[in-house]
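Me: I would like to go through a protein structure step by step. Could you help me read it?

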Protein chains: 2
Amino acid sequence: MTDKPKQTSPSRRQFLAGAAAVGAGAVTGRPAEAATPDPLITEVQDWASGLGDGVDATPYGLPIEHEADVVRRNVEWLTADTISSINFTPIHALDGTITPQGCAFERHHSGAIELRKEDYRLMINGLVDTPLVFTYADLERFPRENRVYFCECAANSGMEWAGAQLNGAQFTHGMIHNMEYSGVPLRTLLEEAGVNPAGKWIYVEGADASSNGRSIPLEKAMDDVLVAFKANGEALRKEHGYPVRLVVPGWEGNMWIKWLRRVEVMDQPVESREETSKYTDTLADGTSRKWTWEMDAKSVVTSPSPQSPIKHGTGPLVITGLAWSGRGAITGVDVSVDGGKSWTEARLAAPGTDKALTRFYLDTNWDGSEMLLQSRARDASGYVQPTKAQLREVRGLNSIYHNNAIQTWWVKASGEAENVEVS
Amino acid sequence: MTDKPKQTSPSRRQFLAGAAAVGAGAVTGRPAEAATPDPLITEVQDWASGLGDGVDATPYGLPIEHEADVVRRNVEWLTADTISSINFTPIHALDGTITPQGCAFERHHSGAIELRKEDYRLMINGLVDTPLVFTYADLERFPRENRVYFCECAANSGMEWAGAQLNGAQFTHGMIHNMEYSGVPLRTLLEEAGVNPAGKWIYVEGADASSNGRSIPLEKAMDDVLVAFKANGEALRKEHGYPVRLVVPGWEGNMWIKWLRRVEVMDQPVESREETSKYTDTLADGTSRKWTWEMDAKSVVTSPSPQSPIKHGTGPLVITGLAWSGRGAITGVDVSVDGGKSWTEARLAAPGTDKALTRFYLDTNWDGSEMLLQSRARDASGYVQPTKAQLREVRGLNSIYHNNAIQTWWVKASGEAENVEVS
């Protein structure tokens, strides 16, 4: 320690109001604090004088009690019953890109069923040379792939079509998770059964009472779809389709059939309930857009946000959020603090990968002014995330699904934030 | 469905003993089964006629009860007390590369303490221009990075030096995990304090009673070390150092100080207990190698293995495992079924990334013969994982730490596997 402390980055240090310098000659924002001994440093604390938990305390661990608020949450008024409902990933409190399974959103049509590996069967039938049935053990014998993909419910942000409604990124954008999946390419299983030239579609269904049947073009089925049995390294959770779910990269989450029991090769789509009365986009004139599977490029600032206000006052501020696109990799994210009048390119934590969440940061200084905070994603196809006004020009106000418009948080001088409409 | 099923890949299909064809004319390995209706397909099951759990069943979920054996385990005779002990990641049952925090190995020197974010302080002192103290909230204001890294205990496989001992990949190689960390580069904080030219080392310590103090060369500290507060997106778990731990990529796990409380810049190393009496490599003549921080390239077959035997008989078999190197990316993994006489290059699930786990697969056919199954990792520096004999030539039999020798599983005709010594 020198007698005369040299300031290598005084401008930054002045902003760091909370970073107290210790010892004489301190020149940071709050030198007064340094003169007052901090008992958390100067006194031996309980945790430094006693022993903690042994290694057999939790064979499978859970988050510490102080993180008890970082959990999935549902919105009671959204659905009549939790059995056919959804809950939301606490994206406002997460960082990085991987979503732990324990807090990754769930959507069920007839509840999360329990199905043992031993009772699992997957049938491939229809326009194939040889209809086949696979057990779970059979699936494990095929060549596997590992890929990180996002899964987004088509209804994510759907409640925001007509105006700002839910006050938190968890609720406006939390119908999304991003995991590393291990599984067998569906293509491999279809080739094992032998697809007839007349086959143009597949119809996939789950083992639960809803079956949640969906039609998927054969071209997609033979491309990057996985029959997955692991997520983030371990078995799928009950609520995510244990033991086997379909992974349909970049496409809406309800096609990611859980408890996958059957794949039928067909010459035309079924036009099932979930792809006609549900999961189509109602336009202004009352007609519907159908086959809107691909999730458009989208992003959201996760902090600051209504559930993650600024508590530290002015000075250095990390603005962060998530971006994704069903069309491929995210190539850039712009951030605006003035409701879209001007934009600054954010830093991507890592280059975007295909159909996976990308984390972005804007390292900035906040002068205490109000902000109308927005983010705007761009993807490898050249697509740029639209404003709400642009999206409504095409689809009106009646849609439920596929709202990928730019989101605005009004950050007040107090640091609190609120969901507002800036079209 | 055609009348005369065409076989597109009969050779493969014949091996798939469990894949029953349905309907008449089936030509797979077990046509007899196809003639017997499978009630799991032909009868409506309970889970398809009732409702499952609603979305508010588990705000933070745990693995399904059927996966209750996929947990961390300790070995009672290894240590006198669980407070200063270790448990092991169930790598034999995982796939992909991400390790869920809930089953990621723990190593404590005085138990896992509980430390609230509000009570957290990080001091940087010693040969710096301005000693500084950061609160948790301060740390969140610095630019963050996200990186996936493995963390391996120096003692991983240490019990195997003198011969095959523990019967399972979880126990021989389970002192490893691989997570996506979010944190502030330590370099940023050191630059904030201003490192004096005389500073050549840092000494880092934790807030627990052991403090687990370790010296780290300044060059490494200024390179890729992170002061991390998230792993796999969410807060660190209590057992992994909540709220803040050091991440020292590629270097032995005991330097990844948990509950990080102090970083002192020094002109020389401290030569603390944990880097002199512990965590040095005892050689044949009783002397020790010191400063052996970097983890050499290593790999292990996780399946088949003693805890993950072959249960499906002959035919298609997926051999899989993990490889890693503290020196950079894994460039290749070779697999041998004859105890190292011949090698076949395995398929990497994704290109190796710097100092992170890489998953490898060898998709093969098993004829039912016994195998002496091995894997051999190669890294970007050109280093090739050694045999036990090669390693012992240099270090003898008395070492505890840094055993990165090739591991052998003896897979018997029954499909059961056993840890054996092939030097």
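**Contacts between the chains**

Reply: Between chain A and chain B, 50 residue pairs are in polar contact, both residues being at pLDDT 80 or more. A polar contact is a pair of N or O atoms within 3.5 Å; within protein, one must be able to donate a hydrogen and the other to accept it, and residues adjacent in sequence count only if both atoms are side-chain atoms. This is a predicted model, in which local features need pLDDT of at least 70 and side-chain atom pairs count only at pLDDT 80 or more, while totals for chains, interfaces and linings use all residues. Residues are numbered from 1 along each chain as its sequence is written, chains are lettered from A and ligands numbered from 1 in the order in which they are written, and side-chain values use heavy atoms, with hydrogens and water left out.

Me: How many salt bridges are found across the interface of chain A and chain B?

Reply: There are eight across this interface. A salt bridge is a side-chain nitrogen of Lys or Arg within 4 Å of a carboxyl oxygen of Asp or Glu. The side chains of A:Lys238 and B:Asp53, for instance, meet in a salt bridge at 2.8 Å, N to O.

Me: Which residue of chain A forms a salt bridge with A:Lys238?

Reply: A:Glu114 does, and the closest N and O atoms are 3.7 Å apart. This pair links distant parts of the chain, 124 residues apart: A:Lys238 lies in the loop between β11 (234-235) and β12 (245-247), and A:Glu114 in the loop between β3 (87-88) and β4 (121-126). Strands (E, at least two residues) and helices (H or I, at least four) are DSSP runs, numbered from the N terminus.

Me: Is A:Lys238 buried or exposed?

Reply: A:Lys238 is buried, because its relative accessible area is 17% and buried means under 20%, exposed over 50% and partly exposed in between (1.4 Å probe, protein chains only). A:Glu114, at 30%, counts as partly exposed.

Me: Turning to chain B, which residue forms a salt bridge with B:Arg262?

Reply: The partner is B:Glu205, with the closest N and O atoms 2.9 Å apart. B:Arg262 is in strand β13 (residues 260-266) and B:Glu205 in strand β8 (residues 201-206), 57 residues apart. Both residues are buried.

Me: Finally, how many helices and strands are there in chain A?

Reply: Chain A has ten helices and 24 strands. Its C-alpha atoms fill a box of roughly 85 × 60 × 40 Å, taken along the principal axes. Buried residues make up 61% of the 423 residues in chain A.
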